[in-house]
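Hi everyone, thanks for coming.

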Amino acid sequence: VVGNISTFVTFASATVLATWSRPDSCFAAFAVAPFLLLLHEDELLFDSLSGTQRYVPPMASIVISLAYNAVADALDGPPTAHAALAVGGDLAWTVKNVACVAAAAPNAWFLAEYLWSHRPTSGLAMATAAPLNVLVATVGDVFSARVLACVSLVSAIAQWGTQRAVRVAGLKAL
């Protein structure tokens, strides 16, 4: 229990320090997230945290941080009047970029769920959500949303490859 609490305190302190030193950078989450690999099973916080489940907290912290930064930047409004006029005003710009964040997140969450529960995500769900990441990376105006789309697309590719390898190994065993 003490180890997990100190891991959370270290993670929170490093996050505050990284955010304070580079407030405009969305990449601080990538530097700080590996601290969460130090989490371990205990009777209070995590009943089961072994194998691939260890990778879920760092991944979730990266996705949550990128999504939070993207939504905060979108709610701040467009950086220039020209950006707002390109889509029809401030509200349209904000709605478009918040929708981009919502479209970019699913594949990363599919991978986190797969790593946690070992239940595969259907190929249709991944194939439906993956092209949205390319759309967000090209159309989105908020840099954090673009980075989230790239992370989510890499997650989809990794999950597809892992699920395929498991399926092939299962067929070889037959």
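This is a predicted model: local features need pLDDT of at least 70, side-chain atom pairs count only at pLDDT 80 or more; totals for chains, interfaces and linings use all residues.

Residues are numbered from 1 along each chain as its sequence is written, and side-chain values use heavy atoms, with hydrogens and water left out.

Okay, the overall picture. The chain has eight helices and zero strands, so to speak plainly about terms, helices (H or I, at least four residues) and strands (E, at least two) are DSSP runs, numbered from the N terminus. Read from the N terminus, the order is α-α-α-α-α-α-α-α. The C-alpha atoms fill a box of roughly 60 × 45 × 20 Å along the principal axes.

How much of the chain is buried? Of its 174 residues, 37% are; buried means under 20% relative accessible area, exposed over 50%, and partly exposed in between (1.4 Å probe, protein chains only). The chain exposes about 10,000 Å², and carbon and sulfur atoms supply 70% of that. Those areas come from the Shrake-Rupley method with a 1.4 Å probe, and for residues only the protein chains shown count as cover.

Now the largest pocket. Its volume is about 480 Å³. On a 1 Å grid over the protein atoms alone, a pocket is an open set of points where a 1.4 Å probe fits, with protein on both sides within 12 Å along at least five of seven lines, and lining residues have an atom within 4 Å of a point. Grid points are joined across faces, edges and corners, and the volume is the space filled by probe spheres set on the points. There are 24 lining residues, and Pro23, Ser25, Cys26, Asn69 and Ser144 lie nearest the centre. Helix H1 (2-21), H2, H3 and helix H8 (143-173) each supply at least two residues of the lining, with the largest share, five residues, coming from H3.

Next, charges. The structure holds one salt bridge: Lys96 pairs with Asp141, their closest N and O atoms being 2.8 Å apart. Lys96 lies in helix H5 and Asp141 in the loop between helix H7 (123-139) and H8, so the pair ties together parts that are 45 residues apart in sequence. The cut-off here is a side-chain nitrogen of Lys or Arg within 4 Å of a carboxyl oxygen of Asp or Glu. Lys96 is partly exposed at 23% relative accessible area, and Asp141 is partly exposed too, at 36%.

Let's finish with some single residues. Asn107 sits in helix H6 (residues 106-117). Is Asn107 buried or exposed? At 1% relative accessibility, Asn107 counts as buried. Leaving aside neighbours within four places in sequence, its contacts (heavy atoms within 4.5 Å) include Met126, Asn133, Ser152 and Gln159.

Gly89, in the loop between helix H4 (81-87) and helix H5 (90-104), is buried as well, at 17%. Its C-alpha atom is 36 Å from that of Ala33, 56 residues away along the chain.

Last one: Leu45 lies in the loop between helix H2 (28-32) and helix H3 (56-75), and at 40% relative accessibility Leu45 is partly exposed.
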